[in-house]
Amino acid sequence: MKQHSETHTGGDMSGLEAHLVERYKVWSGWGGFAYKHVKGRRLARIIGQTGSLEGRALEVGVGPGGVARAVSEAGLAVVGIDVSPDALVTARGHCTGTAVTLARASGFSLPFPDGSFDVVYGSQVLHLFAPKLRLALLTELGRVTRRSGRLLFDMKNVATHLMQYLTSTGVRRAAAYPSRQELVALMDRAGFDVIGRYPGVLPRLPSADVPDWLRSVAHTQFYVGRRR
Ligand SMILES: C[S@@+](CC[C@H](N)C(=O)[O-])C[C@H]1O[C@@H](n2cnc3c(N)ncnc32)[C@H](O)[C@@H]1O
């Protein structure tokens, strides 16, 4: 298989999306539904702690649907979108019998009216894109988020990806591991005030009920923003 860099720098969007659809075939083998479901429960807890679990949520890059399923079980009506038809087939299987609706769409051009969601979120999606595209994606997510609605996304935790981090080249490292300040500035430019950063899921501990201090070694870190 052709090797690609982890983070995209821009250029032709249809080419990029075709590339990501191919990449999904690799991603879909990783992680597994159970892990993503635990992660979704953790995300739902953070949504509840920082806002409300009522209303409509949009998940960008829904992948196999484990996160969407857990978030919908916590109370939100979730719309999950993805550019990958394969991902949507898998998600459909995982989300049967829940309040999750699935659609093929790109996060850069959402087929939804302004302000139509209470919560928008993405799990393991934002790191795929270079800063310019991250801003475009967050701005489009901001468009469909109602005023005072919430944005949540996660980024890799340098603590748990230390080897990857240390062995990355400067440019790739800067793109794949943005600093907290860079992300805060990006969220601000996209119209969100940052209201918190929360450690995410712990890969080897299935319970969502572990204390936050232990989560400093969590696989990812969730950023939470409020739409201005
Ligand atoms: C690493 S996977 C994460 C899947 C899922 N969120 C999870 O945590 O299990 C990234 C997902 O984002 C999707 N994706 C990539 N670019 C996208 C875009 N522009 N719009 C919507 N989905 C996209 C991919 O097809 C893939 O399903």
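Which residue in β2 does Leu-58 stand opposite? In β2, Leu-58 faces Val-79. I will come back to that pair in a moment. What you have on the screen is a predicted model, so please keep that in mind throughout.

Some overall figures. The chain has 228 residues, and 41% of them count as buried. There are 8 helices and 7 strands. If you take the contacts with a separation of 6 or more, residues 24 or more positions apart account for 74% of them.

Now back to the strands. Leu-58 and Val-79 stand opposite each other, and the strands concerned are β1, residues 56-60, and β2, which pair in the parallel sense over 5 bridges. To get from β1 to β2 the chain passes through α3, and this β-α-β crossover is right-handed. On to strand β3, residues 100-104: β2 and β3 run parallel and are joined by 5 bridges. One of the partners there is Val-100 in β3, which bridges to Val-78.

How buried is β2? Of its 6 residues, 5 are buried, so β2 is largely enclosed by the rest of the structure.

The buried residues are Gly-66, Val-67, Ala-68, Arg-69, Ala-70, Val-71 and Ser-72. Their cover includes α2, residues 33-50, along with β1, β2, α4 and β3. Just after α3 comes Gly-75, with a positive phi of about 135°.

Next, the nonpolar core. The largest one has 48 residues, and those touching the most other members are Leu-43, Ala-57, Ala-68, Val-71, Val-120, Tyr-121 and Leu-152. Helix α5, residues 131-144, gives the most to this core, with 5 residues. Take Ala-57 as an example. Leaving out residues up to four places away in sequence, Ala-57 touches Val-71, Leu-76, Val-78, Phe-117, Asp-118, Val-119, Val-120 and Tyr-121.

Now the ligand. It is surrounded by 24 residues, and the closest are Gly-61, Gly-63, Ser-84, Gly-107 and Ser-123. By class, that shell has 13 nonpolar, 8 polar and 3 charged residues. Which elements supply at least two residues each? They are α1, residues 13-27, α3, residues 66-73, and β2, residues 77-82. The largest share, 4 residues, comes from α1.

Last, a residue in a loop. Gly-200 lies between β6, residues 192-199, and β7, residues 220-227. Is Gly-200 buried or exposed? Gly-200 counts as buried, because it has 22 C-beta neighbours inside 10 Å, and the cut-off for buried is 20 or more. Not counting residues up to four places away in sequence, Gly-200 touches Lys-39, Arg-42, Asp-154, Ala-218, His-219, Thr-220, Gln-221 and Phe-222. There is also Met-155, which is 45 residues from Gly-200 in sequence and 9.4 Å from it in space, C-alpha to C-alpha.

That is where I will stop.

Notes. Residues are numbered from 1 along each chain as its sequence is written. This is a predicted model: local features need pLDDT of at least 70, side-chain atom pairs count only at pLDDT 80 or more; totals for chains, interfaces and linings use all residues. A residue is buried if 20 or more other C-beta atoms lie within 10 Å of its own, exposed if 12 or fewer, and partly exposed in between; C-beta atoms are placed from the backbone. Two residues are in contact if their C-beta atoms, placed from the backbone, lie within 7 Å. A residue is near a molecule or strand if its C-beta atom, placed from the backbone, lies within 6 Å of it. Ala, Val, Leu, Ile, Met, Phe, Trp, Tyr, Cys and Pro count as nonpolar, Asp, Glu, Lys and Arg as charged, and the others, Gly among them, as polar. Two strands pair if DSSP finds at least two bridges between them. A crossover is right-handed if, with the strands pointing away from the viewer, the path from the first strand over the helix to the second runs clockwise. A nonpolar core is a set of buried Ala, Val, Leu, Ile, Met, Phe, Trp, Tyr and Cys residues joined through C-beta atoms within 7 Å.
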